[in-house]
Amino acid sequence: MKITIEPLAAEQIKAAPREFSFGKTFSNRMFSQRYTPALGWHDAVIGPYRPFSMDPAAAVLHYAQEIFEGLKAYRRPDGHINLFRAWDNALRFNRSAERMAMAQVDPEDHFEAIAELVRLEHEWVPAEDGASLYIRPTLIAADVGLGVHASHDYIHYIITGPVGPYFATGFNPVAVYVSREHVRAVRGGTGAVKTGGNYAASLYVAERVAAQGYQQVLWLDAIEHRYVEEVGAMNIAFVYEGSHISTPALSGSILAGITRDSVIRMAPDLGYTISEDRIDIGQAWDDIRAGRITEMFGMGTAAVIAPVNRLGDGRDTIAIGSGEAGPVARRLYQTLTDIQYGRAADPYGWTHTIKVPKA
Ligand SMILES: Cc1ncc(COP(=O)(O)O)c(C=O)c1O
């Protein structure tokens with residue numbers, strides 16, 4: 001792929017800020033390319049971060065034919081930059097595109113676009129503890145017209161921005177609301193891919209329970225409202241007796257998280273057993289009450305590992321563990337972030353290092 005690098009005008013160059021919260025600040029440049037059936041992917045460009053001009057009848061605005069991804073670049077102790085599992089992420093991007101009947105990207109081009117954008121924006125990769133550069137690849141339907149059909153034309157773009165911890169509370173436990181009535185995704189639907197509609201469908205419950213102090217919603221299966229699926233932007237795991245990790249098996253309506261997969265692969269090397277199970281919320285509740293479940297945590301790119309210390313469902317509420325982040329969550333967080341930031345060797349081959357000039 002030939003990427004045109006557009007120069008930035010002086011007024012388009014801003015210095016990376018030192019303080020940022022999640023997803024509010026974006027770097028100076030973005031990548032974009034367009035797809036038409038006649039030309040395939042074309043006009044690949046890295047240029048200034050700027051708004052699109054959209055026709056009000058553009059397909060994405062009406063029928064939500066849209067997918068996105070989230071991955072991070074981390075500042076290494078030697079000043080260079082690590083991308084974490086960017087290849088796996090590119091493959092998931094295409095799985096989402098396929099499910100949403102969209103044009104797929106060439107995963108090598110997608111990877112190259114990310115690496116080139118991060119290399120150009122390397123000054124935006126923060127060095128602060130726990131901070132990173134979040135990368136948001138996106139694909140949207142660009143046909144103009146109101147008939148419901150798979151678009152012919154698409155826009156693929158990638159934006160980035162520095163982020164601190166996903167939760168304002170940092171690596172501190174969050175409270176999770178168990179949604180007994182509303183569901184997020186149904187088997188055979190689109191829950192297993194990363195399309196905006198899944199998130200839109202989750203907002204109603206999330207907004208209603210935020211006022212009660214819940215930071216995330218735990219979704220149950222859509223048929224029996226009984227089996228644990230995942231939380232809003234994370235997969236979920238329970239720790240039994242401090243040594244066994246149990247996470248819901250991929251059911252067809254759960255996103256196959258890259259952090260989840262990393263935990264599954266790392267856990268045995270850290271001396272934990274791990275299984276992918278059908279987890280009955282009633283049983284899990286009993287196991288928490290009986291002290292058999294000693295920890296619960298979410299897994300996702302944004303928060304990495306997010307300990308959970310309280311579950312509630314509007315009728316009942318239950319505390320998990322001591323209220324503090326538990327030892328298994330801490331160890332997984334430490335081990336995984338050490339690999340991501342290049343503080344420790346990467347025995348799994350998950351990181352791709354981008355060499356950048358010394359600051
Ligand atoms: C619905 C959902 N589940 C799980 C995850 C975790 O996936 P990953 O670890 O690849 O970020 C995410 C975030 O991407 C998500 O949006």
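Two residues are in contact if their C-beta atoms, placed from the backbone, lie within 7 Å. This is a predicted model, in which local features need pLDDT of at least 70, side-chain atom pairs count only at pLDDT 80 or more, and totals for chains, interfaces and linings use all residues. Numbering starts from 1 along each chain as its sequence is written.

**Stop 1: the two domains**

Select residues 4-163 as domain 1 and 174-340 as domain 2; such bounds come from an automatic or database domain assignment. The C-alpha centres of domain 1 and domain 2 are 27 Å apart. Across the boundary, 19 residues of domain 1 are in contact with 10 residues of domain 2.

Now colour the side of domain 1 that touches domain 2. β4 (66-68), β5 (71-75), β6 (81-84) and α2 each supply at least two of its residues. Helices (H or I, at least four residues) and strands (E, at least two) are DSSP runs, numbered from the N terminus. With 5 residues, α2 gives the most to this side. By class, the side has 8 nonpolar, 4 polar and 7 charged residues. Here Ala, Val, Leu, Ile, Met, Phe, Trp, Tyr, Cys and Pro count as nonpolar, Asp, Glu, Lys and Arg as charged, and the others, Gly among them, as polar.

**Stop 2: helix α2**

Select residues 86-99, helix α2, and pick Ala97 within it. Is Ala97 buried or exposed? Ala97 is buried because 21 other C-beta atoms lie within 10 Å; the cut-offs are 20 or more for buried, 12 or fewer for exposed and in between for partly exposed, counting other C-beta atoms, placed from the backbone, within 10 Å of the residue's own. Leaving aside neighbours within four places in sequence, show Ile67, Met102, Ala103, Gln104 and Leu139, which are in contact with Ala97.

Next pick Arg99, also in helix α2. Arg99 is partly exposed, because 15 other C-beta atoms lie within 10 Å. Beyond its neighbours within four places in sequence, Arg99 is in contact with Thr190 and Val193.
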